[in-house]
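Please find below a short note on the model.

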Amino acid sequence: MSTTPIRFGIVGSGWRAEFFARLARALPERLAVAGVVTRSAERVAQVEAEWGVPAFRTVSELCAAEPEFVIPSVPWEITPQVVRELVAHEVPVLAETPPAPDVRGLQELWDAVGGATRAGGGGLVQVAEQYTLMAGHAARLALVRDGVIGTVTSVHVSSTHMYHAMSLIRRLLGVADGPVTVTARAFTAPLADPLSPGGWSDDLTPKDAVNTLALLDFGEGRTGLYDFTDNQWWNPLRARRIVVRGSLGEIVDDTVVRMADPRTPVESSLTRRRTGTDLNLEGAEVHHISFDGRVVWRNDYVGASLSEDDLAVVDLLCRTGAWVRDAGPEPYPLAEGCQDHLLALAIEESARTGAPVTTAVQAWAAR
């Protein structure tokens, strides 16, 4: 594979777009921004000055700069339009999540671009779903794929919201696109909310927070449990947890229980090696995760001092670059992103109506 940095473009110049540009600045030997599309001449000048990258007013101008792939980082309702425009230019796309705002939008987007493919293989449109690449989740997936807890039958995620959680549940269960019956409820209860993306509020007054619970029946004894409270990503008063149950054991967060022999249940841990604490001067970052003495996840970007979420996004960008250079598989096909959001929308509908929802098999299932 080429050692030159992967050059990607961005459509949009909001906070999420700047997120991608920041990661490219952190790893200039790996990533480079070919250009950013923004709406006004004033914003073009601002992006070029503050981000240190070329900026353009149109997708056509960006495509002329020959990015290897482009990320549409725009509002949900605009994403399908930008994806179609990029596909018309035959440029590989890494669409933000979700790829369209509603079921009809997902169906129309798939009808328009689902059949677009690269000469090197795979659909021209991929989705920027990074959660399965996050360190802890990637380590759990490695154990599942190794059969450590047998056949996975149940996954409980109380961590992130909607389509991200659906991605984790489906990948850990190993399910694709069949019909799913979703039964959801939403409950409101008081909860202090001291920290948000805007920072510390210095206010511990409890406010109404919605907790959404959903049971997903994938058939053949496979279930998912979704449990999310408003602002759970940020609120330090609500923990994140994950339970993966299999036929020969289970994983609860970073603890793994299984049988060593027919009479010996044993417990092991997923253990992070973190540096930068006490007198360690290697820098503050996670290096790897081990299980019973073997590494099951490794940080390939040691030295950049990135958070685990940042590492997952960087990994996604690099995997997309490898794919467009015919040196790796598709990072996350559009069909997967569509199915994730289909289930998320079913949760919203069931929670709103109080009735179970069974999803229909969609066109992308025949991919």
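1. Which residues does Tyr226 touch, not counting residues up to four places away in sequence? In this predicted model, Tyr226 touches Val157, Thr160, His161, Met162, Ala165, Met166, Thr212, Leu213, Ala214, Leu216 and Ile347.

2. Tyr226 is also one of the residues with the most contacts inside the largest nonpolar core, a set of 81 residues. Phe8, Met166, Leu216, Val244, Leu317 and Ile347 are the others named in that group. The most is given to this core by helix 8 (residues 308-324), which supplies nine residues. Another core, of 30 residues, lies apart from it and includes Leu62, Ala100, Leu334 and Cys338.

3. Cys338 is buried, at a relative accessible area of 0%. Cys63 is buried too, at 13%. With a disulfide taken as a pair of cysteine sulfur atoms within 2.5 Å, the count of disulfides is zero.

4. Helix 4 (residues 79-88) has Thr79, Pro80, Val82, Val83, Leu86 and Val87 as its buried residues. Viewed down the helix axis, these fall within an arc of 160 degrees, so they line one face of helix 4. In general, residues three or four places apart in an α-helix point the same way, because there are 3.6 residues a turn. Gln81 and Ala88, on the other side of helix 4, are exposed.

5. What covers the buried residues of helix 4? The cover includes strand 1 (6-11), strand 4 (69-72), strand 5 (93-95) and strand 6 (125-127), together with helix 3 (59-64) and helix 5 (103-113). After helix 4 comes Glu90, which has a positive phi near 60 degrees.

6. Strand 17 (residues 285-291) and strand 18 (residues 294-298) run antiparallel and are joined by four bridges. They form a hairpin with two residues between them. Phe291 stands opposite Arg294 of strand 18, and Asp292 in the turn has a positive phi of about 50 degrees.

7. Ala142 is 154 residues from Val296 in sequence, yet their C-alpha atoms are 6.3 Å apart.

Terms used: Residues numbered from 1 in each chain as written. Predicted model: local features only at pLDDT ≥ 70, side-chain atom pairs only at ≥ 80, totals over all residues. Heavy atoms only, no water. Pairing = 2+ DSSP bridges. Buried < 20%, exposed > 50% of the residue type's maximum accessible area, 1.4 Å probe, protein only. Arc of directions from axis to C-beta. Contact = heavy atoms within 4.5 Å. Core = buried A, V, L, I, M, F, W, Y, C linked by side-chain atoms within 4.5 Å.
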